[in-house]
Amino acid sequence: MNDTGDADDAGIFARESPYLGRYVQLGVASGRVLSVSFPDTPDEEAREDHDLLDRIFDYLDGVEDDDFEDVEVALTVPTDQRSVLERVRGIPYGEQVNVETLARMTSGIDHTDEDDLNVVRTALDQNPAPLLIPDHRVRDGPSAAPAVVEQKLRSLEEL
């Protein structure tokens, strides 16, 4: 078993978070996370039990300062955006960077080029797995999570 469950443990998983005031929903296939979302109502096919949901809820409850770096996320985004999102995963719990710093941290991205800065913003906006790829730690960029969720994640980490 890996951190996202058995390889056959594919599907949609969701559990209601009192802290977020909505559900945390995961799409998982072949032991990799395809998506993380925060719907008001979960998919009707969603199941509640998943090891990764347990870890996420420990994080949301303030029990664990988890960085989720060991969780495999399937990044089916263009290569330049994938590079940005991989760098976002390296921003430590409780720390923030801005878009320009993230651009500086990302190989192949020029922090002085507006088109490259737009690549960074687009990657953040289209992040398939917010929370696991903690775009809430980029203070002046968009988040793929709803604004209320983004703010609660920042509050949790005292950002």
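The model is predicted, so local features need pLDDT of at least 70 and side-chain atom pairs count only at pLDDT 80 or more, while totals for chains, interfaces and linings use all residues. Residues are numbered from 1 along each chain as its sequence is written, and side-chain values use heavy atoms, with hydrogens and water left out.

**Overall form**

The protein chain holds five helices and three strands, where helices (H or I, at least four residues) and strands (E, at least two) are DSSP runs numbered from the N terminus. Read from the N terminus, the elements follow the order β-β-β-α-α-α-α-α. The radius of gyration, taken over C-alpha atoms, is 15 Å, close to the 15 Å from the globule rule (2.2 Å times the number of residues to the power 0.38) for 159 residues, so the protein chain is as compact as a globular protein of that length. Of these 159 residues, 46% count as buried, that is, under 20% relative accessible area with a 1.4 Å probe and protein chains only.

**The sheet**

The three strands form an open sheet in the order E1-E2-E3, with antiparallel pairing; two strands pair if DSSP finds at least two bridges between them. Strand E1 (11–17) and E3 stand at the edges with a single partner strand each, so one side of each is left without a neighbour in the sheet. From one strand to the next, the twist averages 20 degrees. E2 and E3 pair over five bridges, and Ala29 stands opposite Arg32 in E3. H1 packs on this sheet, touching E1, E2 and E3, and its direction makes about 25 degrees with that of E1, where axes are lines fitted to C-alpha atoms, for helices over the stretch in contact, and angles run from 0 to 180 degrees between N-to-C directions.

**The nonpolar core**

A nonpolar core is a set of buried Ala, Val, Leu, Ile, Met, Phe, Trp, Tyr and Cys residues joined through side-chain atoms within 4.5 Å. The largest one has 42 residues, of which Ile56, Leu60, Leu131 and Leu132 touch the most other members.

Leaving aside its neighbours within four places in sequence, Ile56 is in contact (heavy atoms within 4.5 Å) with Val24, Leu26, Phe68, Leu131 and Leu132.

Methods:
Buried < 20%, exposed > 50% of the residue type's maximum accessible area, 1.4 Å probe, protein only.
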